[in-house]
Amino acid sequence: MPRMTRGAASQWRRPRASPWAPLAASAILFGGGTACGGGAPSPHPRHVLLISLDTTRADQLGCYGGPASTPALDALAAEGVRFGDCTSAAATTLASHTSLMTGTYPRSHGVPRNGFVLDSRNETLAERLGQAGFWCAAFLGSFALDARFGFAQGFDHFDQDFEVAVGVGGGDQEQRRAERVTEALLAHVDVVAAREGFEADGRLFLFAHYFDPHAPYAPPGARDAGGTLPRIGAAVEGLQRAALGVAPGVAAVVKSGLPDALVHAAPAQPTSEDRALAGLYADEIQYADTAIGRLLVGLEARGLLQDTLVVVTADHGETFWEHPNFWNHGLWVHQTDVHVPLILRLPRAQTPDERARVIDAPVSGVDVMPTVLHLLGLPPSARCEGLDLTPLLAGEALPMRALFAEATQPGSAVEPKSGARVEGADFGAAWWNDAKPVAVRSGPFKLVRAAYLGYEALFDLSRDPWERQDLSRDPTHAATLSALRTALATYRASGQALTSSFDPAQSLETVRRLEALGYYESGH
């Protein structure tokens, strides 16, 4: 795929300031960057690096107590702030990343799942930073964020040069490995840093997307690199057969949904093959961490890292055997699907007390955009639904609020424009995901509903992190259940989704590549 430069991306750009226009000064927490535009040092970070790990559960990273060896991410967490309870807005790549970049939930930005196109009326983080004088560059690891879906909006440089094609028989994904993402980013930084005026006034917003933890789990050196998709499919069927006696398979549940009997089956017991796949998944995270470490070392060697605000997060997680959406991340909204890492490392933390902090207050992926804007001294977006998290850094509390997460599968079988009518689904607002699972959080309590299954369950994550005990019929939690139902009803009623659609006339090549990513719902 071609690399898109500023000229190619200009159709998404608004009129902007000079390439290295300094930001207005205002105080922020922790240290600031070096001088920008001459004179006194700016109190704001000079550069921003946003790292997204695809399909990465928080509980798998070393700094979150997980099995993956992640020294680079652990070091970032040790130098900054780790948020222990971050929820992604959606359980699939494009919808969640759009929430990350716009600070809005899917019901507002309008992208329900992969293959849809972002409405240009959305205001993205790249647009806001571009208007403030940042050079905005993105480096993708997956076709799911390809420019044809509108995700390039606001970027001056959009690098989607995927070197791994779809494998024969679906043996791999359309992707670029982590080390290549790092190499492309550093090479581009060298080009931009050589421009006249960069040393004095240059500012960078860099977005790095590492896709490797996504299936297939094929870390370098694995005996069947690129070939674990058939193994994953077989593992899913084995778990389904153990619970149901039959095995509908991956494609069937992604297209048509989970059978009710599977949803209510006893928790699955992992086989040795399941544990082996989980080990490969952890190895993929370790491989991505190594590439991230090289990226940070490269930026430090170029004299940029000390003035860079670094944000690390993920778009969603991955259920293994813990819930009936086995080895999947789009069908459900359990913690295995939506609990993601969030690490914030500000430039030059001033004292040891400001390092290695852990904040356990529930936060969301929609909070990343407003937090970055605040730390840069920029006003929030008018449509933003997230909150600035910097009060938490100062030891203050955020206002009480509800957090939401949406499943994106099954696809057209339960979507309103397919003509299907699903018992219990409210299609009055004509939102694509109305019938799919949705979760609402308030404090430790989480309500999960799936209209197409007639399912509702209430969990207390402080006592039941694996979501095994449904409290919805416990009278002692009646008030909590009622409050969460009201919050969910308000969320559904208030959505003003911008226009987005999956064009059935899209090229067969686009559909083929989406299906190879495991998104069998791509056809509508």
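Reader: What makes up the secondary structure of the protein chain?

Author: The chain has 15 helices and 14 strands. These are DSSP runs numbered from the N terminus: helices are H or I with at least four residues, strands are E with at least two. This is a predicted model, where local features need pLDDT of at least 70, side-chain atom pairs count only at pLDDT 80 or more, and totals for chains, interfaces and linings use all residues. Residues are numbered from 1 along each chain as its sequence is written, and side-chain values use heavy atoms, with hydrogens and water left out.

Reader: What is the mean pLDDT of the protein chain, and where does pLDDT stay under 50?

Author: pLDDT is the predictor's confidence in each residue, from 0 to 100. The mean is 84, and 80% of the residues reach 70 or more. pLDDT stays under 50 over residues 1-41 and over residues 520-524. Contact means heavy atoms within 4.5 Å. Beyond four places in sequence, the model has 125 contacts for residues 1-41 and 23 for residues 520-524.

Reader: Why is Thr55 called buried?

Author: Buried means under 20% relative accessible area, exposed over 50%, and partly exposed in between (1.4 Å probe, protein chains only). Thr55 has 0% relative accessibility, so Thr55 counts as buried. Thr55 sits in the loop between β2 and α1 (71-79). Its phi is near 55°, a positive value in a residue other than glycine.

Reader: And why does Glu467 count as buried?

Author: Its relative accessibility is 5%, therefore Glu467 is buried. Glu467 lies in the loop between β14 (455-460) and α14. The phi of Glu467 is near 55°, again positive in a residue other than glycine. Across the chain, buried residues make up 62% of the 524 residues.

Reader: What makes β7 mostly covered?

Author: Seven of the seven residues in β7 (residues 308-314) are buried. Thr308, Val310, Val312 and Ala314 point one way, while Leu309, Val311 and Thr313 point the other way. In a regular strand the side chains alternate between the two faces of the sheet.

Reader: How do you know that β7 pairs with β2 and with β8?

Author: Two strands pair if DSSP finds at least two bridges between them. Strand β2 (residues 47-53) and β7 share seven bridges in the parallel sense. Four bridges join β7 to β8 (residues 339-345), and these two run antiparallel. Thr313 of β7 is the bridge partner of Ser52. In β8, the partner of Thr313 is Leu342.

Reader: What counts as a cavity, and how many reach 30 Å³ or more?

Author: On a 1 Å grid over the protein atoms alone, a cavity is a set of points where a 1.4 Å probe fits but cannot get out; lining residues have an atom within 4 Å of a point. Grid points are joined across faces, edges and corners, and a volume is the space filled by probe spheres set on the points. The count comes to five cavities of 30 Å³ or more.

Reader: Which residues line the largest cavity, and which helix gives the most?

Author: Among them are Arg107, Glu406, Trp431 and Tyr491. Helix α14 (residues 478-494) gives the most, with three residues. By class, the lining has five nonpolar, one polar and five charged residues. Ala, Val, Leu, Ile, Met, Phe, Trp, Tyr, Cys and Pro count as nonpolar, Asp, Glu, Lys and Arg as charged, and the others, Gly among them, as polar.

Methods: 1 Å grid on protein atoms, 1.4 Å probe; cavity = no way out; pocket = protein on both sides within 12 Å on 5 of 7 lines; lining within 4 Å.
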